Protein chains: 2
Amino acid sequence: MNFSRFQPLIDEVNGRINEILIGRPENLYNASKHIIIAGGKRIRPLICILACRAVGGDDRDVIETAAAIELIHTFTLIHDDIMDEDEFRRGIKSVHEIYGHSTAILAGDLLFSNAFKICHRDVFKILADASAMICEGQEMDISFEKRTDVKEDEYMEMIRKKTAVLLETAAKVGALLGNGDKEEIENLSSFGLNIGIAFQIKDDILGAIADEKKLGKPVGSDIYKCKKNLIAIKSLEFLKNDKRKKLLRILSQRNNTKKEINDAIELFKESGAIEYCTQMMNNYAEMARNSILNLKKSKARDDLLDLSDFIIKREF
Amino acid sequence: MNFSRFQPLIDEVNGRINEILIGRPENLYNASKHIIIAGGKRIRPLICILACRAVGGDDRDVIETAAAIELIHTFTLIHDDIMDEDEFRRGIKSVHEIYGHSTAILAGDLLFSNAFKICHRDVFKILADASAMICEGQEMDISFEKRTDVKEDEYMEMIRKKTAVLLETAAKVGALLGNGDKEEIENLSSFGLNIGIAFQIKDDILGAIADEKKLGKPVGSDIYKCKKNLIAIKSLEFLKNDKRKKLLRILSQRNNTKKEINDAIELFKESGAIEYCTQMMNNYAEMARNSILNLKKSKARDDLLDLSDFIIKREF
């Protein structure tokens, strides 16, 4: 697909974000803009705006809230990078690496505050609900690091909260603010939730087998941090005997060597877990597409279909 | 004053907080409640409810928002304790000391999210504005640690944002939700802002000369962290020659010994800075009282006067 056709929309969202993130102390505002300036696909604001259009709404009803959702997303990235001790994000050093932990915590808090300064009053509680769920999901993700018996259904609950809920929310509030009817709101919410799950599984796959340069962060970093993503869970399930033991050892210890990480990736590939995850991702993307196809035909509907296609085919 | 007469109100706020802070993962929700259960004076919700009453409003209009303000306050305490590496709060170990840094960051974020889940829709943007200012104030406070040339007006801007704005907001939204007229809202906002400034100066004084057991945290911890509070700033201004040099040295280095901290406290006392700060505090408390006296006579008006009296006379 031609992602660049969304650039004017992305520019509008970026413009609104740049307007709100002006203030003093300059150091704090620079920290809060650090990874926003560095890039990002703006998937969530795009979904929000396209959902609004798909129900016949006007961009003006939703731009502020779309920007607010990107601020919430960025706030969670900055805090997650601190917790996960991630040194890189979007190809540059992460916020805490440049500005220190204290300013990074505050930069996240500032973005969160600003999200509520600009979002529409009809949807602020939905955004607050989503934010609370993101915290719950991130806590689950962290707690999984110390475990080796995480089950697929726990993983699904974790990514639903940590990732999918915000994409669901983006689509839902877009439809709400565009004055969609009950069925349209339900279809778009369901689209957001399912494409969000597909998005996270794709992220997990990319984290294991992507081209590092395109990805903007080290491949295998989930293994390094003992994350229990779906690939790890299914590999442990599919492998037997010595291979399982070896993978279990790597996924139980912090500070794995580069060789151990590569060994784990080889075991992932051997186990069949990557095919399993790809199939899962495609199933959720298919559910997302089906929800969209329930909507009236429109340019925005086609755009959402293209966007869901991009999400599962992207290399970064 | 008899603070215990506010207990029924405090119980109502606590009840609402306990209701909202139920969820999974349990570890995260326990972390978010940790210092709320340990105590706290609930000054901000009290101001909010009393402001509402003082303009003739009903408690039911404002309880949820009063609880939301306490959640925002607690969120900032948890994140501040991480940044300041404070080990104790309200006489018990701080959240990050018990639950680790990651869960403590998330516990703060969860409280922040929940504040917006329960606050009144007419005031959520005011709370968001206040939250952004608190972040700005905290960033200033941190940046002062590395400086020895902080001026009184910079300090005043810092505490206005970091502390006073939330008390101002508590009073303002109480008056707004109680349907106060423009003048009442202005008087109550001004009360909140000025009593907030007095509150922080009192905190600084207590931090230097309080009874440690009543305070719930170590005396002199601001010196240990090289904080530039008003006592430090004015002591550096008032002292001359060797005494100034000695204080400057202590306030420039991290990890001071217990003896150095005691020396600094002695220098604070000698310099006349504590009297200066006490006078400043009294001036702001007086301005706060005058704003209140502009309101119609009522039980709530008397309560607010008592509360402001408590704030400057408290020993913890």
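Through which surface do the copies meet, the same or a different one? Of the interface residues of chain A, 100% are also interface residues in chain B, so the copies meet through the same surface.

This is a predicted model, in which local features need pLDDT of at least 70, side-chain atom pairs count only at pLDDT 80 or more, and totals for chains, interfaces and linings use all residues. Residues are numbered from 1 along each chain as its sequence is written, and chains are lettered from A and ligands numbered from 1 in the order in which they are written.

**Select chain A.** Colour by pLDDT, the predictor's confidence in each residue, from 0 to 100. Chain A averages 96, and 100% of the residues score at least 70. For the complex, the predictor gives an ipTM of 0.96 and a pTM of 0.96. Chain A holds 15 helices and two strands; these are DSSP runs numbered from the N terminus, helices being H or I of at least four residues and strands E of at least two. The C-alpha trace of chain A spans about 60 × 50 × 30 Å along its principal axes.

**Show the side of chain A that touches chain B.** Here 33 residues of chain A are in contact with 33 residues of chain B, contact meaning that the C-beta atoms, placed from the backbone, lie within 7 Å. Helix 2 (26-37), helix 4 (63-83), helix 5 (95-118) and helix 6 (124-144) of chain A are the elements that give two or more residues to this side. Helix 6 of chain A gives the most, with 13 residues. By class, this side of chain A has 15 nonpolar, 10 polar and eight charged residues. Ala, Val, Leu, Ile, Met, Phe, Trp, Tyr, Cys and Pro count as nonpolar, Asp, Glu, Lys and Arg as charged, and the others, Gly among them, as polar.

**Show both chains and centre on Arg121(A).** A rotation of 180 degrees with 0.0 Å of shift along its axis superposes chain A on chain B, with an RMSD of 0.0 Å. That is the relation of a two-fold axis. The C-alpha of Arg121(A) is the one in chain A nearest the axis, 3.4 Å from it. The superposition is by least squares on the C-alpha atoms of residues with pLDDT of at least 70 in both copies.

**Select residues 273-293 and 299-313 of chain B.** These are helix 15 and helix 16 of chain B, whose axes come within 10 Å and cross at roughly 175 degrees. That makes the two helices of chain B roughly antiparallel, a term for angles over 145 degrees. Residues making the contact include Met281(B) and Ile292(B) of helix 15 and Leu304(B) and Ile312(B) of helix 16.

How values were computed:
Two residues are in contact if their C-beta atoms, placed from the backbone, lie within 7 Å. Axes are lines fitted to C-alpha atoms, for helices over the stretch in contact, and angles run from 0 to 180 degrees between N-to-C directions. Angles under 35 degrees count as roughly parallel, over 145 as roughly antiparallel, 65 to 115 as roughly perpendicular and the rest as oblique.
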